[in-house]
Amino acid sequence: MSAILVLNSGSSSLKFGLYERRDGDECPRFDSEVEMRSGEEAAAVEHALAAISKFDAPVAIGHRVVHGGPRLTEHQRITAQVLAELRASTHFAPLHIPAAVALIESAGRAFPDVPQFACFDTTFHRTMPESARRFALPPGLYDEGVKRYGFHGISYESIVHQLGSRLPTRCVIAHLGSGASLCAVQNGRSIDTTMGLTPTGGIPMATRVGDLDPGVLLYLMRVKKMDADAIEQMVNHESGLKGICHKSDMREIERAADAGDAQARLAVEIFCMRIRKTIGAYAALMGGLDLLVFAGGIGEHSERVRSKVVQGLEFMGDFRTEVIASQEDIQIARHVRLMSVQCS
């Protein structure tokens, strides 16, 4: 049976798997994950390709691409032109796009005759109105692509797919992991989300700062004499939960909080408060809330976070909560299967 190879590169791991069509949906024939530290992507790819070498060659390859820049907004087949556009958009996501290009090139060398497809984390949020996409900046910057794109779109797509006919009119999905964001989904469409131009914005995350007063950046430049690279390192790798309590793993933070660590307790409180504020704002935007979904590693496994998030939301009336595991890789396989048929 023809298999789709999915390569899903995150900040600290590479997920990979082969998916086959069975009973009307994509099912894993083989899937795995390899941890990787900074600069080890080539080794991770080599490990993945070795692991799948015992199977027949895939009929197509699908990639999760975090950011496609202002022009690549649709899931699509990867061509030389698409690769060129990705390289030209590196400044929109310097931490993600070069790694995505390297992974595409590695897969192309391993399977030179197999078509490759890109599924973008930004695509789901194309439906946001301009009022949600625009920053309050001069219009020329918007025309250059300086706007809110939103991310975790493939995760949100997979949850909408899983809910199917159970998806209500007004839904908030909280994807809470090392990277974390929320999305307001009305009538199955994204109308707002917390991440913006890059995956650094929104609520605080494991090591990312989230939304920040621009004055703080000016302070860091003028008073601390930090350049762009140093600021980027701080806001992406030294902030968020780690910046508050020197720990980035919520499991470790909860254990420290239970042991009396005041900074760990503060980190949990800040994280949950920002999520709760966003849920309230999105409920106001949609005129109420029918369903709150928790997803991602923290959302799925931390009962403490889920409980603290919903505390105080009783004023919004009745809404149900669910925990649903993201199925990014299966969702990518669904898209790739459809696109490969359309391209054949």
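Trainee: What order do the 6 strands of the open sheet follow?
Mentor: The order is E3-E2-E1-E4-E6-E5, with mixed pairing. Strands here are DSSP runs of E, at least two residues, and helices are runs of H or I, at least four, numbered from the N terminus. Two strands pair if DSSP finds at least two bridges between them.

Trainee: What makes strands E3 and E5 edge strands?
Mentor: E3 (25-35) and E5 (76-77) each pair on one side only.

Mentor: A caution: this is a predicted model, where local features need pLDDT of at least 70, side-chain atom pairs need 80 or more, and totals for chains, interfaces and linings use all residues. Residues count from 1 along each chain as its sequence is written, and side-chain values use heavy atoms, leaving out hydrogens and water.

Trainee: How do you know that E5 and E6 pair?
Mentor: DSSP's criterion is at least two bridges. E5 and E6 (residues 116-120) have 2, in the antiparallel sense, so they qualify as paired. Gln76 stands opposite Ala118 in E6.

Trainee: Why is Leu103 called buried?
Mentor: Buried means under 20% relative accessible area, exposed over 50%, partly exposed in between (1.4 Å probe, protein chains only). Leu103 has 3%, so it is buried. Leu103 sits in helix H3 (residues 97-110).

Trainee: Which residues does Leu103 touch, beyond those up to four places away in sequence?
Mentor: Contact means heavy atoms within 4.5 Å. Leu103 touches Leu7, Ser9, Leu14, Glu41, Val45 and His63. Glu41 is 62 residues away in sequence, yet 7.9 Å away, C-alpha to C-alpha.

Trainee: Why does Glu254 count as buried?
Mentor: Its relative accessible area is 15%, so it is buried. Glu254 lies in helix H10 (residues 250-258).
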